[in-house]
Amino acid sequence: MQSSDASRLSRSRELRQTLQNLNHNRYPHVPNPPGCKKRASVALIIRVRPTFPDTASFDTSACGLAVGSDQERLNAFFTQEWVQRGDPEVLFIKRAARKGDRWTSHIAFPGGGRDPEDKDDLAASIRETREEIGMDLEANHCLNVGNLSERVVTAWLGKTPLMVLCPFVFLQMRVATEPLTLQPTEVHSAHWVSLRALTSPYLKNYIRSDVSQPFGRSDSDFIRPLTRLLFGQVLIKGIDLVPTESVYCNSGADLLPSGPRVSTSASGLLSSLSSARTTWENPSQQLILWGLTLGIMSDFLRILPSCDPSELWAWPTLSHVDHQFSIWLFTYAYRKQKLREIESSYPASDTKIGAASGPGELDDTTFTTFQARSRKEVQDSALLEMLGGYYDRARTAVLLTLLLRIGAGGLLAAWGVRELRNRRSQKL
């Protein structure tokens, strides 16, 4: 029991320091690249769930908007005993299933595109959250802690930028709030998930997505079979979400499954080509965090000193074995280099806070240095296209594999023609 209490206290202190650092040091603005006008903002919302037998309370005089200073509000919030012993959680939404939507049925953070009337990217995240789930992030019990690195988002294996994505971090200091009101055309459900669950090694998963999906052609009867024949499917690492609390939109058309669950383990070329849906398109209650949202969540988790950054990400690849091998070979040196850069920004595991602290805990000076190094690594990567260096090499690998297929097919065809001619000559 004492070990569990100590672990919770360590997580609370770690989260407090991380949020204070985010509040004190904002990530810089990333302008739109040439030819890309779209910007989108999302809200990463954190709350602390009290553990039994504690009860949550909100001290308006110490944590409310009237206090003025964000740092004072954060300090007052995290000095409460129920917060120190509580379990931090993050809010995710599952987007509604919509035909032709690039993000249909994805796990995401509340948010969306910036409108012309929005003052800035922060205002866009606040407005979109209010419209999608009915949560007021400007309320007395909410605090805009800061932001995470903005990033230019491109499609899978694509160079054309789609948008600039701007994540903002909010702290909800009250657990008992008004029920969420989900917009049925936008949101299927909302889920609070413990931070501990997001780093569990037992909840890792992989998801299959069509190569055609990121290009907005997922409903084409021609493009889907062709891309599956040439490339297979994209294999992307994900995390199974285990919510502590969920809210479902009871007016949505996809509240209940409308058909049997589609298996992603079907073998054989014909079943692969004829499958009409991948798992994440099925209106089942499966919740897998992956893609852009996993990338944003990883940006936050890896600035927590106790989190192992190498466990948060796996490089996307293709399901066909020949593509897998060529991508692995062509990106090997690049992946090793990136992992070394990430690992070099993290302190040694035996760093301690004096004699009374346990392994892996940081004093204020070491923590600030760690945050600065981690921030630089994340910031530098965000100023480039997302996974740009990896995708450049993967494109080369895929092109080479296709050329080798063509060459092998040509040799096989030439051999077949020669054998046919030999047989004909023998008959004559």
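These are my notebook entries on one protein chain and its predicted model.

**Ground rules**

I number residues from 1 along the chain as its sequence is written. In this predicted model, local features need pLDDT of at least 70 and side-chain atom pairs count only at pLDDT 80 or more, while totals for chains, interfaces and linings use all residues; side-chain values use heavy atoms, with hydrogens and water left out.

**Entry 1: the whole chain**

I began with the overall picture. The chain has 12 helices and 13 strands. Both are DSSP runs, numbered from the N terminus: helices are H or I with at least four residues, strands are E with at least two. Of the 428 residues, 47% count as buried. Buried means under 20% relative accessible area, exposed means over 50%, and partly exposed is in between (1.4 Å probe, protein chains only).

I then looked up the surface. The accessible area comes to about 21200 Å², and 57% of that belongs to carbon and sulfur atoms. Such areas come from the Shrake-Rupley method with a 1.4 Å probe; for residues, only the protein chains shown count as cover.

Next came contacts, meaning heavy atoms within 4.5 Å. Among those with a separation of 6 or more, 78% join residues 24 or more positions apart.

**Entry 2: helix α5**

I checked the length of α5, residues 121-133. The expected span is 1.5 Å times one less than the number of residues. For 13 residues that gives 18 Å, and the end C-alpha atoms are 18 Å apart, which agrees.

At the start of α5, a side-chain oxygen of Asp120 reaches to within 3.2 Å of the backbone nitrogen of Leu122.

What do the buried residues of α5 pack against? I found β1 (39-49), β2 (87-95), β4 (111-113), β7 (161-172) and β8 (187-194). The buried residues include Ala124, Ile126 and Ile133.

A salt bridge is a side-chain nitrogen of Lys or Arg within 4 Å of a carboxyl oxygen of Asp or Glu. An α-helix has 3.6 residues a turn, so residues three or four places apart point the same way. Arg127 is buried at 13% relative accessibility, whereas Glu131 is partly exposed at 43%. Salt bridges that share partners join Asp115, Asp118, Arg127, Glu128 and Glu131 into one network.

Gly134 lies in the loop between α5 and β5 (142-147). Its relative accessibility is 42%, so I noted Gly134 as partly exposed. Leaving aside neighbours within four places in sequence, Gly134 is in contact with Thr129 and Thr181.

Most residues other than glycine have a negative phi, and most peptide bonds are trans. I found an exception to each. Ser105 has a positive phi near 65°. Ser105 sits in the loop between β2 and β3 (107-108) and is buried at 6%. The peptide bond from Phe52 to Pro53 is cis, with omega near 5°. Pro53 lies in the loop between β1 and α2 (60-63).

The structure holds 21 salt bridges.

Arg49 pairs with Glu245 at 3.0 Å between the closest N and O atoms. Arg49 is in strand β1 and Glu245 in strand β11 (residues 243-248), 196 residues apart.

Asp87 and Arg196 meet at 3.1 Å, N to O. Asp87 is in strand β2 and Arg196 in helix α6 (residues 195-198), 109 residues apart. Is Asp87 buried or exposed? Asp87 is buried, at 9%. Arg196 is partly exposed, at 44%.

**Entry 3: a nonpolar patch**

Last, I looked at the surface. Phe325, Trp328, Leu329, Phe330, Tyr332, Leu400 and Leu404 form a nonpolar patch with about 700 Å² of accessible area together. Patch residues have over 30% relative accessible area and no salt bridge; like charges are joined within 9 Å, nonpolar side chains (Val, Leu, Ile, Met, Phe, Trp, Tyr) within 5 Å. The largest share, five residues, comes from α10. Phe325 lies in that helix and is exposed at 52%.

Definitions and conventions
A polar contact is a pair of N or O atoms within 3.5 Å; within protein, one must be able to donate a hydrogen and the other to accept it, and residues adjacent in sequence count only if both atoms are side-chain atoms.
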